[in-house]
Amino acid sequence: MLPKIINLTVKDVRFPTSLEHHGSDAMHTDPDYSAAYVVVNTDVGLKGFGLTFTLGKGTEIVVCAVEALAGLVVGKSLQEIVGDFRGFYRLLTSDGQMRWLGPEKGVIHLATAAVLNAVWDLWARAEGKPLWKLLVDMDPKQVISCIDFRYITDVLTEEEALRILLEGQEGKQQREDQMLKEGYPAYTTSCAWLGYSDQQLQQLCTDALNSGWTKFKVKVGADFEDDIRRCSLIREIIGPNNILMIDANQRWDVQEAITWVSKLAKFKPLWIEEPTCPDDILGHAAISKALAPLGIGVATGEQCHNRVMFKQFLQASALQFVQIDSCRLGSVNENLAVLLMAKKFQVPVCPHAGGVGLCELVQHLILFDYISVSANLSNRMCEYVDHLHEHFTSPVVIRNAHYMPPKDPGYSCEMVESSVQTHQYPDGDVWQRHLNK
């Protein structure tokens, strides 16, 4: 008998990363990496842990949204939820009154992700498996039963999705063994935040190279001359054969993006990430078309609201790299839909990670994608940011610039309780000291 959820708590947990410019980019100059941190408690003592990622101010709004959703979760048994996970997902996203606040986007969808992440963590713990293994071991029909196909059947039907998963059964064990031995390829964003000095960038890139990193991302978009200098510096350090990506974090208009990136083409970036407004699908399509002759792809998705937007990005050939996010979309359920659409369109998935807990979460999704869906590592890698992992009970393990598959049961997003207490906003010790200066 699977446990019953008897209550749900949510806390506002913030880390003052803005003090050292960690996470800084052209649009988010002073982020404090934060999370709305959810714990679901059951009648047998088993707990599920989930979160959604934020940048400081406004986390309290997400906390309120989680509390508004709690009544849809408390009182349900895990068996009731996973027996009709598609129905449960739709229950959370289609409440007749709260749906007006989204639907399936914005703060209410971030809150939905936090709640569902905790439920998935609870399920994996109940089964005694890490989440990626829970997914890999599922019968394809059970995976399909977790996905809400509403609004995407013009691109991907249940029958097509099932066929993809059935085809993915071939060679699955070999790919799982490969991941356990080698891990999943990663790239680093930790070396070149926009607020870092040239000296800091140079030192961090050199250290990363010496640690085996071969794929690097640099933030751009605030000042063209700075971009030229910093891209020149990082390309000189990493050499001509290692991979470089650039990320503008939504800074430009469409034509401005084309002009600016064309001038950075000499540094041979693999992609330009979020060149313009994340909602502008046709703008991304125009940028993709203009940059294709230069061999530069467009990557986006970390602020893509839902599966419907990803559907349209793929339909419009508006991106060449799909960047799923474990907390922007509606948890595992909605990410499964995007992974399957990306497979149909043959577009590589390179997830957004970093922040608080995003690396811990998304590693599970990318392992499932390779083992059970894509069966392909060409042009695929997962972002890694080396911040705040020490605050988790099962932090990511990176070996030779690869994510090593987690072995602990769950979704890897349980935080160390002392970290939660000291960083809770505004009453935790860290914030009491910071706010009272």
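Helices (H or I, at least four residues) and strands (E, at least two) are DSSP runs, numbered from the N terminus. The model is predicted: local features need pLDDT of at least 70 and side-chain atom pairs count only at pLDDT 80 or more, while totals for chains, interfaces and linings use all residues. Residues are numbered from 1 along each chain as its sequence is written, and side-chain values use heavy atoms, with hydrogens and water left out.

**Overall form**

The protein has 17 helices and twelve strands. A compact globule of 437 residues would have a radius of gyration near 22 Å, and the protein, at 21 Å, agrees with that. This radius is taken over C-alpha atoms, and the globule rule is 2.2 Å times the number of residues to the power 0.38. Along the principal axes, the C-alpha atoms fill a box of roughly 60 × 60 × 45 Å.

Of the 437 residues, 59% are buried, meaning under 20% relative accessible area with a 1.4 Å probe and protein chains only. The accessible surface (Shrake-Rupley method, 1.4 Å probe) comes to about 16700 Å², and carbon and sulfur atoms account for 50% of this surface. Among contacts (heavy atoms within 4.5 Å) between residues at least 6 apart in sequence, 75% join residues at least 24 apart.

**Pockets and cavities**

Both kinds of space are found on a 1 Å grid over the protein atoms alone: a cavity is a set of points where a 1.4 Å probe fits but cannot get out, and a pocket is an open set with protein on both sides within 12 Å along at least five of seven lines; lining residues have an atom within 4 Å of a point. Grid points are joined across faces, edges and corners, and a volume is the space filled by probe spheres set on the points. In the table, Ala, Val, Leu, Ile, Met, Phe, Trp, Tyr, Cys and Pro count as nonpolar, Asp, Glu, Lys and Arg as charged, and the others, Gly among them, as polar.

| Space | Volume | Lining residues by class |
|---|---|---|
| Largest pocket | about 550 Å³ | eleven nonpolar, 13 polar, ten charged |
| Second largest pocket | about 280 Å³ | five nonpolar, five polar, four charged |
| Largest cavity | about 70 Å³ | four nonpolar, five polar, three charged |
| Second largest cavity | about 40 Å³ | seven nonpolar, two polar, one charged |

The largest pocket has a volume of about 550 Å³. Its lining comprises 34 residues, and F53, T54, L55, Q303 and R328 are the closest to its centre. Two or more lining residues come from each of β3 (47-54), α1 (59-69), α4 (106-127) and β5 (215-219). The largest share, three residues, is that of α4.

The second largest pocket is lined by 14 residues; D30, D32, L55, G56 and K57 lie nearest its centre. Here helix α17 (residues 429-435) gives the largest share, three residues.

The structure holds two cavities of 30 Å³ or more. Lining the largest cavity are L92, T93, S94, D95, M98, R99, G102, P103, E104, I108, H109 and T112. Both α3 (85-93) and α4 give two or more residues to this lining, and α4 supplies the largest share, three residues.

The second largest cavity is lined by L135, V136, M138, P140, V143, L165, Q169, K172, F368 and S372.

Methods
Buried means under 20% relative accessible area, exposed over 50%, partly exposed in between (1.4 Å probe, protein chains only).
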